[in-house]
Amino acid sequence: MTLQDLILKLSAFWASHGCLLQQPLDLEVGAGTSHPETLFRVLGPKPWSVAYVQPSRRPDDGRFGQNPNRVFKHHQYQVILKPSPDEVQQLYLESLEACGINPRQHDIRFEEDNWESPTLGAWGIGWQVLLDGMEITQFTYFQQVGGIDLAPISCEITYGLERIAMFLQRVDNIFDLEWGGGVTYGEVRLQEEIEQSKYAFGQVDMPAEEFAALHRELFDKYYGFAGTLLASGLIWPALEHCLKCSHLFNILDSSGSIGVTERTAYILRVRQLAVKIAHAYVEATVPAAVSEG
Amino acid sequence: MDRELLIEIGCEEIPASWLPGLTAQLAAHLDARLAAARLTSDRPAESYSTPRRLTARVAKLAERQADHEELVTGPPVSAAFKPDGAPTPAAEGFAKKYGVEVSALERTNTPKGTYLAYRVRQRGKATVDVLADVMGGLLRDLTFPKQMRWDAYLEDGKGDLVFARPIRWLILLYGGRVVPFVIRRTELAQGPLVQDVRSGPNTYGHRFLTTSGRAGRAIKVKTFDDYESRLLENFVILNRSERESKIRRELETHARKLGGRVSPSTSLRAGPSTSLRAGGVIAEQALLLQEVPDLVEYPSVVAGHFPVEFLRLPEEVLTTTMIHHQHYFPVVDDEGNLKPAFLAVTNTQGEKPEVIARNSERVLTARLRDARFFWDEDRKATLESRIERLSTILFHKKLGSYREKAERVAALAAWIAREAFHKPDAAADAERAGRLSKADLATDMVRELTELQGTMGGIYAREEGQPETVWKAIYHHYLPIGVEAHAPPSRQQLGAAAVTWAAVSLADKLDSVAGMFAAGERPTGSRDPLGLRRQAQGAVKILADLPELTGVTARIELWSLVAQAAKPWDLSAEPQQAARTFIRERVLYLFEQRGFDARNIRAAVPPSLDRVDMVEARKKLEALAQMSGSEALRGVATLFKRVKNITKDVPAQAAVASGALKASLKEPAEMTLLSELESRAPGIRRASERGEYREAFAAIAALQPAVATFFDDVLVMADDEKLRTARLALVATLRDLILDIADISEIVTEA
């Protein structure tokens, strides 16, 4: 099964179970959780079920295309079910069967793995799902986002698409995956990986201090403007600028541009902004919302 | 008639590490709830668990509650009647509460006077009618390391029902019949896909396996035996110990087929290994074996291989990757060397075990390939060159980065070697090991395999040619942690590095403890997020066994080390007092864990940490344990409290009473005590200085007849001031002689 077939199978499966098929957030983010289709929709009482692919950037995981398992950018298949149905684990297992994984022939396990995002003021309880010893999915019952207790509880299912495709195609190197129609993952992405890794680690024709200063400045500008957007009641654009800050922070971190005390301060700043945005979203969308935390 | 109670809480996968605790909680809370509900059973509740269920059973539970009779006290009679004899509003209110006339109330005499009272008589209700309350209470009683909300509540007015993971079904059977009980779902969540959980007679088998029909269908049960056997038919082994023995059996069979072995017990029998981590690997395998039965409902083992080229990676990297990251058991040959193979415990009776094996091999190989990449990359830079990077890794927000911590540890380790251990030759290496001790936190390998912190630093130090005294000190410096779980390295493993290891390990731990107390971080109750108890425990443990571990025989006052560690922060009085109390508790706990009598521990560990020397305290305890049969010593001990009381205003005596005082003594009993003291004191002091406490205590015991006769015959508080002073001085001399060794009055106190 090719990578694109896998996406089609998962989309067909979750669409048939009532999920809206959304598109990726067209911004640089580290995970599908940052997409407003997750971050906003899990807030408040309104039921919402949605599925989408999210290209996810982890500057720190960049390996210049040399590591067979680790990349600057990978793809997550993100499913949000709100409220979380009683049969959610069974549904998930059926989705694997739809992709050609027969649970009776494998060892599939739900092992404790809780999720927490300090920058988003968010955490949840859940598992990593192991397929014959390989982590293929993160399964989380969200408890809080933006410091706000959630009710009802949403379930987030995050499939690691490359991992599952490598399993199905029995390849040991991510760049050997067949993306679709005989084209490999390497053909599609290798050059991008090399260049993005160089950027992430600051290998740019620019002195390191200037590189750091530029990114700090960008961070501060986006941060300041996110505040202006929020004050103008423009919550979605404010979130996007907050996410830009989060990504810039990741680049500052991976390129070794910030020290330890500063690092904590940056995380705190992003978190404070995310918390404000989440509260603003709840106040704007939930009638008579009482803000918490 | 007594009938069986069967409860099963069907859950989504509960974290493995919680199950042993939850299983115990379940039985204990159920027993307590049944007792509180006045329901009697023939024996305590049994409890079981798998990742997807918590089960409890009471074989014979009474059909009715015991009848209840209680005398409820009302207002005092003095306030119950007006002067004319008519009841006051207080009396009427009390009577009304129970629906009776004041005249129907009884009177009861209490130490506080006579009160009006009402006798409540309650006929016991049928058990089926109270079990719902028991169930609700039980669900509320269970506590979890981390709890979750899942849009559920109980109709007990207490709101949300938090739990470990969502509850999906519930069996509540009494005498084979369902007792109605419901867990409600909140209005926001409820709908066609989110339903109340109602008690029923149905359980569910293994997620994927079944002998007939489709996996996941409901299985109706009536009794526990029925339940257990139907589960087994459906690939769920309810009994944990049966799961564990199936795992052990299959591990051994597969290991033998691979021409090796896996069982920790077999490895232990193989005798002392030269492997640096032999003890560590065995302990980790044992922990894994403790964990896997709680990860599976129907275990079976598959064997896999990895390419032999990976055997050139350090053994520590291989075993950590297998054990910690994949939950796989390494396989070793007869010499204890790793084979390029592993055993995985799966939760299935796979149709195709070879497929699972191949897939597991691919996962492990990918991880090992990563590890090899780190191993090759990390060795391109020295540890020294990584210290700079440590300034970007935070140790604690008030205590700075790991770079600063490493600098403190280096200075403290050198000081300990030189000043405390009197090993100036080891100071330079201790300092270097301390400086490099945290450098591996900046390596790729440790960022990926955090369990290998310290270990990896040691290996990299060895690879770059640091002497044994340095690299082994780094390698082992996190050990020991806590009391017995992670034992210190053996003398054999430490080799030439024993002294430097002890210096660095102590420096690291004491720096953390002193620093955290200075920063206002303290363990409270069960909360100890920074693991300070284990750190302090590790430190006092090293000190208690210092001669055996390192050959260092210097006498060391415990607080002098902590005080040195605290120097960078200028510990003020309050945190200093807190740190003293905290460390003293760790000392007491260590000795208690070693099985010493609590009274002896109080005797041997002085209240002030300044005077605590761990080795001497340990030797005193060993001597007191040997002397436990000595009636004479107990005799002195019994009188010693009197000795202390009577002399509490008398300052410490420099020597046995001066000539002038001596001249005042005349009674035979006091003359005997004086001469006994004069003749025995030098011997007692010498024995104590040599650490021969058994001899010292024996000599103290030998004073018993003289001391006893003295207190029988002599009035210490004589009217004659000169005589009184002389006698008090004599008693104080005895006091100081003994107190210098131990406060033996403690050994005869009530435990």
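Trainee: Which backbone oxygen lies 3.1 Å from a polar atom of the A:R109 side chain?
Mentor: Start with where we are: A:R109 sits in strand β4 (residues 108-112) of chain A, strands being DSSP runs of E with at least two residues, and helices runs of H or I with at least four, numbered from the N terminus. This is a predicted model, where local features need pLDDT of at least 70, side-chain atom pairs count only at pLDDT 80 or more, and totals for chains, interfaces and linings use all residues. Residues are numbered from 1 along each chain as its sequence is written, chains are lettered from A and ligands numbered from 1 in the order written, and side-chain values use heavy atoms, with hydrogens and water left out. The oxygen you want belongs to B:V345.

Trainee: Is A:R109 buried or exposed?
Mentor: A:R109 touches residues of both chains, including A:Q128, B:L295 and B:N347, leaving aside residues up to four places away in sequence; touching means heavy atoms within 4.5 Å. Buried stands for under 20% relative accessible area, exposed for over 50%, and partly exposed for in between (1.4 Å probe, protein chains only). At a relative accessible area of 8%, A:R109 is buried.

Trainee: How much area is buried between domain 1 and domain 2 of chain A?
Mentor: Domain 1 covers 3-199 and domain 2 covers 208-285, with bounds from an automatic or database domain assignment. The contact takes 22 residues from each of domain 1 and domain 2. Buried area is the accessible area (1.4 Å probe) that two parts lose on being put together, summed over both. Carbon and sulfur atoms give 75% of a total of about 2,100 Å².

Trainee: Which three residues of domain 1 supply 33% of the area it buries against domain 2 of chain A?
Mentor: No other three residues of domain 1 supply more of that area. They are A:F40, A:T119 and A:Y199.

Trainee: What is the phi of B:R38?
Mentor: Most residues other than glycine have a negative phi. B:R38, in the loop between α1 (19-36) and β2 (46-50) of chain B, is partly exposed with a relative accessible area of 21%. Although B:R38 is not a glycine, its phi is positive, at about 60 degrees.

Methods
Polar contact = N/O pair within 3.5 Å; in protein donor to acceptor, adjacent residues only side chain to side chain.
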